[in-house]
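This report goes through one protein model, part by part. Please look at the sequence and the structure before reading on.

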Amino acid sequence: MEINLSVKISILTPSFNHEKYIRFFLQSVLGQTFQNFELIIVDDCSWDKNLEEIKKFKDERIKLIRHDYNKGINATLNTAFENSSGEILVFCASDDMLERDALEKIYQAFEETHVDVVYPGVKVIDENNVISQSKKIEMRYKEPLEILNYMFFEGNCLMSVGMSIKRQAFRDIYPLPLGLCNHQDTFMHINLLLNGAKILFLQDEVILYRMVGDQTSISARKDVTLTRENLEIESLMDSFLRVKDIELLKKVFKNEIQNTGIMPYEDTIKFFLGRMALDSPYRARQDWGYHKILEFYNDAINVKKLKERYNFIFKDYLGLACSVKDDKVMRKYQKYKKYFKVSMMLIMVLLIIVVLLGVKNA
């Protein structure tokens, strides 16, 4: 595909059943102070009137593409990228909104710095476009090495709404895996950082992120969401296995290396990462780590390497099972469950005392 370098920004917009909000999104985009952009909207086979609402806006910068069947969020982003031409890609769903100077501030950030990814400041709005959180959503970690460490052991700590990427940086991680849903943005963050992408956190709150109690949302049911997240962990964590830069691993896991004495080597990366994952507080990540070690240990050549590198023998391998702990979330659930049981027992005792006192007084 020939790239039109005259277009500075391509807004990549996945859209699905956003009939209620798409009008506000389009108005916020077309009213930007920075006008050198194109908007690629990919409708993922909505069953509401989403398409009809989009078609009400007549602007040659809007490119509307419709999937002939529902394919998922990463498929829509891949399609949008394939039909884009801008040197800067801005990711924004069609139920969110942009402040009037959002594209201007994002473009200036790229022009004034040598970064590959810009994370803009975010405000939260409700279903009525009212700001429900006056403070922007803060990024928990800002140093790339610290972010990678947290994402390996804990989970996502970055926002993808309004995330803006240089075209070449995104091309390096394209195509996005179609099966990922809850961790699709985490995959992008991890792989961009592992590729050495330079990032910038924009302090300006220029993105309005919509959070509503929408029961059609993929994250509406918390139990299903947690299950889906755990099932996607293996594919997500496998991203780290592609790292060949040993010095990067030493920096990311600096503290863990000091605590365990286990160093990464080019020929033992799978074992090293597996052993690191056993120290995660989350069972799904621990299981991934144990399985990677098991796979590595199944090869007789690797067994010899482990003996030579770490004096690691079969007895040590068997002992790894003792490192697998209860999930952090499960421990919290069991804690509250225990408190609930104690509370119910106290209530029952009080009820019995009240009944006995009533009988006595009668």
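## Terms and basis

A contact is a pair of heavy atoms within 4.5 Å. With neighbours within four places in sequence left aside, Pro-264 has contacts with Ile-246, Leu-249, Lys-250, Ile-257, Phe-272 and Tyr-310.

This is a predicted model, in which local features need pLDDT of at least 70 and side-chain atom pairs count only at pLDDT 80 or more, while totals for chains, interfaces and linings use all residues. Residues are numbered from 1 along each chain as its sequence is written, and side-chain values use heavy atoms, with hydrogens and water left out.

## The chain as a whole

The protein chain has 15 helices and 9 strands; helices (H or I, at least four residues) and strands (E, at least two) are DSSP runs numbered from the N terminus. Of its 362 residues, 46% count as buried, where buried means under 20% relative accessible area, exposed over 50%, and partly exposed in between (1.4 Å probe, protein chains only). Among contacts in the chain with a separation of 6 or more, 75% are between residues 24 or more positions apart.

The mean pLDDT of the chain is 90, and 87% of the residues reach 70 or more; pLDDT is the predictor's confidence in each residue, from 0 to 100. In residues 332-337 the pLDDT is below 50, and this stretch has 1 contact in the model beyond near neighbours in sequence. Where pLDDT is low, the predicted coordinates should not be read in detail.

Among the buried residues are Gln-184, Asp-185, His-189 and Asn-191, along with Phe-187, Met-188 and Leu-194. After α7 comes Gly-196, with a positive phi near 85°.

Helix α12 has 15 residues, 283-297. At 1.5 Å a residue the helix should span 21 Å, and its end C-alpha atoms are 21 Å apart, which agrees; the expected span is 1.5 Å times one less than the number of residues. The buried residues of α12 include Trp-288, Tyr-290, Ile-293 and Phe-296, and also Arg-285 and Lys-292. Their cover includes α5, α8 (222-237), α11 (269-277), α13 (300-310) and α14 (314-319).

## Around α11

Arg-275 is part of helix α11. This residue counts as buried because its relative accessibility is 16%. Apart from neighbours within four places in sequence, Arg-275 is in contact with Thr-260, Ile-262, Ile-293 and Leu-320.

Pro-264 is in the loop between α10 and α11, and has a relative accessible area of 2%, so it is buried. From Pro-264 to Glu-247 the separation is 17 residues in sequence and 8.8 Å in space, C-alpha to C-alpha. Tyr-282 is in the loop between α11 and α12 and counts as buried at 19% relative accessibility. Tyr-282 and Phe-153 are 129 residues apart in sequence, yet their C-alpha atoms are 7.7 Å apart in space.

## The second largest pocket

A pocket is found on a 1 Å grid over the protein atoms alone: where a cavity is a set of points where a 1.4 Å probe fits but cannot get out, a pocket is an open set with protein on both sides within 12 Å along at least five of seven lines, and lining residues have an atom within 4 Å of a point. The second largest pocket has a volume of about 150 Å³. A volume is the space filled by probe spheres set on the points, with grid points joined across faces, edges and corners.

Helices α5 (144-153), α9 (246-252) and α10 (254-260) each supply at least two lining residues, and α5 gives the most, with 4 residues. The lining includes Tyr-141, Leu-145, Tyr-150, Phe-253 and Lys-254. By type it divides into 5 nonpolar, 2 polar and 4 charged residues. Here Ala, Val, Leu, Ile, Met, Phe, Trp, Tyr, Cys and Pro count as nonpolar, Asp, Glu, Lys and Arg as charged, and the others, Gly among them, as polar.

## Backbone details

Most residues other than glycine have a negative phi, and most peptide bonds are trans. Tyr-174 and Pro-175 are joined by a cis peptide bond, with omega about 0°; Pro-175 is in the loop between α6 (167-171) and α7.

Asn-17 is not a glycine but has a positive phi of about 55°. Its loop is between β1 (9-15) and α1 (22-30), and Asn-17 counts as buried at 15% relative accessibility. Asn-311, in the loop between α13 and α14, also has a positive phi, near 55°, and is a residue other than glycine.
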